[in-house]
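Okay, thanks for coming, everyone. Let me put the model up on the screen and we'll walk through it together.

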Amino acid sequence: VWCNGFIADTVAQEIANQFEAKYPGVRVNGIRSTSQVAYQRLLQDIQNNMANCDVYSSSDASHFEYLMGEGLLMEFTPENAQHLNPAFAEYYKSGYYYPALMFLISVIYNSNVVSDDEAPKSWDDFLDEKWHGRAAIGHAAFSGAIGTFALQIKETKGLDWLEAFAETDPLIGRSANDAIQQLNSGERDVAIAPSHVALSSAWRGNPIKV
C-alpha cells in the first residue's frame with residue numbers, strides 16, 4: 001500500500017505499473033490524498049497499531065523527521081541515491097528519506113481576465129485591494145505544499161502578511177492544485193499554486209500563466 005500525498009494520480013499509476021512489471025506477484029495499491037490528510041491517517045494507524053500504509057510519500061518533509069525520530073522508518077538506500085544533486089543535501093536523511101520531486105509555489109493567473117502587466121509580480125502584490133475576492137490558494141491543514149509555503153512566508157514576511165492576505169477573502173480549497181482548477185472554472189482570477197501543475201494545465205489549452 002502506497003500512501004501518496006503529492007504525485008499526480010496518472011504519474012503514480014505509471015510508477016505502480018512499472019513496479020508490478022519488475023516484481024511480478026507484488027500488487028501496488030496506491031492511495032492518493034493531500035499530504036496532511038495522509039499524515040493524519042498514518043498517525044491514527046500507528047496509534048491503533050494498524051499497518052495500512054507500507055510506503056509513504058509527502059510534500060511536507062517535517063513528517064519524515066518525526067517518523068524517523070520515533071523509529072518508524074525502515075532504513076533503506078535506493079540504488080540511485082548517489083546521483084542526487086548535492087544541492088538537495090539538507091533536504092533528506094541518508095538511508096531514511098529522500099526527495100523525489102521539487103516544485104515551486106508561484107504566482108498563477110487566468111490570462112483571459114488578467115493581463116501580463118496587471119498580474120501580481122510579488123507576494124506583496126496579492127495584498128492589493130484590487131485582488132480582494134479574486135485570489136485562490138490551498139489549505140495549509142490539508143496540503144503539505146501550502147503548509148510549507150505558509151511557514152516560509154511567516155519566516156520571510158511575518159505573520160502580518162498572512163493576516164493581511166486573509167483579509168482579501170481568498171477562496172481556500174484543500175489541495176494546492178485546487179487553486180488552478182478554480183482559475184480554469186472562472187471562480188478566481190489569480191492564485192498561489194504549484195507552477196508545474198499550472199504549466200500542465202496551460203499545455204492542455206487552459207488560459208493559465210505563471
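Before I go on, the ground rules: residues are numbered from 1 along each chain as its sequence is written. This is a predicted model, so to speak of local features we need pLDDT of at least 70, side-chain atom pairs count only at pLDDT 80 or more, totals for chains, interfaces and linings use all residues, and side-chain values use heavy atoms, with hydrogens and water left out.

Back to strand 4, residues 105–110. Strands here are DSSP runs of E, at least two residues, and helices are runs of H or I, at least four, numbered from the N terminus. Pairing means DSSP finds at least two bridges between two strands. Strand 4 pairs with strand 8 (residues 208–209) in the antiparallel sense, over 2 bridges. Strand 7, residues 190–194, also runs antiparallel to strand 4, with 5 bridges joining them; Ser106, for one, has Ala193 as its bridge partner there. And 6 of the 6 residues of strand 4 are buried, so the rest of the structure largely encloses this strand. Buried, by the way, is under 20% relative accessible area, exposed is over 50%, and partly exposed is in between, with a 1.4 Å probe and protein chains only.

Now, there's also an open sheet of 3 strands, order 2-1-3, with parallel pairing. Strand 2 (30–32) and strand 3 (55–57) are at the edges with a single partner strand each, so one side of each has no neighbour in the sheet.

On to salt bridges, meaning a side-chain nitrogen of Lys or Arg within 4 Å of a carboxyl oxygen of Asp or Glu. The count comes to 5. Asp116 and Lys209 meet at 3.2 Å, N to O. That pair links distant parts of the chain: Asp116 sits in the loop between strand 4 and strand 5 (135–137), Lys209 in strand 8, 93 residues apart. Both ends are partly exposed, Asp116 at 40% and Lys209 at 35%.

Then Asp124 and Lys157 meet at 3.1 Å, N to O. Asp124 is in the loop between strand 4 and strand 5, and Lys157 in the loop between helix 4 (144–156) and helix 5 (159–166). Last one: Glu118, Arg134 and Asp189 are linked in a salt-bridge network, with Arg134 to Glu118 at 4.0 Å, N to O.
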